[in-house]
Amino acid sequence: MYRRLLAASAVFALLSGVAHAQTAAQKQGIKDYFAGDPVATAEALRDKALLDRTAWDITEDLTTNIGPRLVGSPAMERAKDWGVAKFKALGFTNVKVEEFAKPSWTRGEESAQLIAPYPMKLDIVGLGRTVPTPAAGIEAEVALFRTYAEMIAAPEGALKGKIAVITQPMVRAQDGSGYGVAGISRRSGPTEAAKRGAVALLIRSVSTSDSTVPHTGVTGFGEGVVTIPAAAIGVPEAEQLERLAKKGPLRIKLKLASTVDPNDVAWNISGEIKGSEKPDEVIVIGGHLDSWDVGTGALDDATGIGITTAAAKLIGDLPKHPKRTIRVVMWGSEESGGSSEAYIAAHKDEVPKIVLAGESDSGADRIYALNLPAGATSHPLATTAANVLAPLKIYVSRQPATHGGADIEGLEKAGVPSFALEQDASRYFDYHHTADDTLNKVDPLQLAQNVAAWTSLIYLVADSDIDFRALKAAAPAAAH
């Protein structure tokens, strides 16, 4: 509660700081205020967004009326239809549904039990795409490792017949950088444990919380390696197993049931705010529509859908659209992969005309920094953006964007410039990929700050002639 009060106080101060601009807009009339001055328009859009409910309404609607959205589930098909209807209702044009092949994985019954030194039920969640155990389950002695590196140091065959357990914690960080380090246990752990002879793997949740609620997330498969069943346990239980392992041998029984449909499909859904002067030049933004099955996917990533859709809608409501087209994409398979590859395959001929791309996929807590494409910080637009974003307590970083989101990786590799509006991820990984990723974790005031940042920045770029590719090409020469 105290943390939420602090957040509310901070955003209230932010709202007060831009109240003068809102008053000006009200006095002059919305059309007159927006006309003719891109900077004034961006500022007015920013201030309007702080009071706009569209992102919240979208997030609430998606999490409430659709719920969990696992690829291959009936809910995901409903989400596809929901996305189309939402775009049309909000006035987007050129609404498209682009289907692509995507094998689906469905969770079945799951259980785990500590057998020795005493019986204790373990709360688990199977990792995404894990293979099932035999119907009777797997019971084996535990080989416990406090870090992923410690397990990797074990020679091949050292874990033969054992259930490997990795209890490596995740470090909390504003930029979420602890996720990549701790997440390797989930991504590569089953493959590496299998190489060493393990029959199953349990990992401490890739989480910054102290909750017993376990975190899921996709796991990988290795070339030429028979993968093994894998699941995550909550933080207290992982710590309990670590303490018990110091006192003597542990034995666990694990049961996982899951199925795979190799012939399933997913969809990328998009809608546009058509540019007024250069409609063939496109800015691609969005979030991912799919989620894991254990929660309602509020922070991951209904808020990303809400933020980017609301931002484009606010720009689309202007009396005159900006020069360039803004395309919002609801990517259909981020959690288990596939959206990025499908999107670039469908739009490869369009790449030269995509001027910028970005994705919102780190929750909805306040944005604190903007990373522009390489070479852009010396452009006047960077100064303008810094001035427009400053009342939102956002600074323009001197570091260029290196990655704008998993669903735009294909665009990035094809040479499309990307940007990142960095969200405070300090608490995001408390709820990420869990049953606790629900609407009540979304702070409406911080959500509105996100929309204000996206709306004003995207408008500035859309109504400009800035060429990020040329700026990047010129950057090395300028450095000399």
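Helix 11 (residues 235–245) lies across strand 2, strand 3, strand 5 (138–145), strand 6 (163–166), strand 7 (200–204), strand 8 (230–233) and strand 9 (251–261), and runs at about 100 degrees to strand 8. Helices (H or I, at least four residues) and strands (E, at least two) are DSSP runs, numbered from the N terminus. Axes are lines fitted to C-alpha atoms, for helices over the stretch in contact, with angles from 0 to 180 degrees between N-to-C directions. The model is a predicted one, in which local features need pLDDT of at least 70 and side-chain atom pairs count only at pLDDT 80 or more, while totals for chains, interfaces and linings use all residues. Residues are numbered from 1 along each chain as its sequence is written, and side-chain values use heavy atoms, with hydrogens and water left out.

Eight strands form it in the order 3-2-9-5-6-7-8-4, with mixed pairing; two strands pair if DSSP finds at least two bridges between them. At its edges are strand 3 (120–122) and strand 4 (124–126), each of which pairs on one side only. On average, neighbouring strands of this sheet are turned by 30 degrees against each other, direction ignored. Strand 3 and strand 2 (residues 104–116) pair in the antiparallel sense over three bridges, and Lys121 in strand 3 is the bridge partner of Gln113.

Strand 3 also holds Met120. This residue is partly exposed, with a relative accessible area of 22%; buried means under 20% relative accessible area, exposed over 50%, and partly exposed in between (1.4 Å probe, protein chains only). Not counting residues up to four places away in sequence, Met120 touches Gln113, Leu114 and Gln240, where contact means heavy atoms within 4.5 Å. Met120 and Ala135 are 15 residues apart in sequence, and from C-alpha to C-alpha they are 21 Å apart in space.

A further open sheet has three strands in the order 15-14-16, again with mixed pairing. Strand 15 (395–396) and strand 16 (420–423) stand at the edges with a single partner strand each, so one side of each is left without a neighbour in the sheet. Strand 14 (residues 367–371) pairs with strand 15 in the parallel sense over two bridges, and Leu370 has Val396 in strand 15 as its bridge partner. Helix 17 lies across strand 14 and strand 16, running at about 25 degrees to strand 14.

Leaving aside neighbours within four places in sequence, the contacts of Phe419 include Leu370, Trp454, Leu457 and Ile458.

Strand 10 (residues 265–273) is mostly covered, with eight of its nine residues buried. Seven bridges join strand 10 to strand 1 (residues 93–101) in the antiparallel sense, and Glu272 in strand 10 is the bridge partner of Thr93. Strand 10 also runs antiparallel to strand 12 (residues 324–331), to which five bridges join it; here Ser270 stands opposite Val329 in strand 12.

The aromatic side chains come next. Six aromatic pairs are found in a search of the whole structure. Rings of Phe, Tyr and Trp (its six-membered ring) pair if their centres lie within 6.5 Å; planes under 30 degrees apart count as stacked, over 60 as edge-to-face and the rest as tilted. The rings of Tyr179 and Phe429 have centres 4.6 Å apart and planes at 25 degrees, so this pair is stacked. Because Tyr179 lies in helix 8 (residues 178–182) and Phe429 in helix 16 (residues 428–431), the pair ties together parts that are 250 residues apart in sequence. Tyr179 counts as buried at 18% relative accessibility, and Phe429 is buried with a relative accessible area of 7%. Tyr179, Tyr428 and Phe429 form one aromatic cluster.

Charged groups meet rings too. Lys80 lies over the face of Trp267, 5.0 Å from the ring centre, and the charged end of Lys441 sits over the ring of Tyr431, 5.4 Å from its centre. A charge sits over a ring if NZ of Lys or CZ of Arg is within 6 Å of the ring centre and within 35 degrees of the ring normal.
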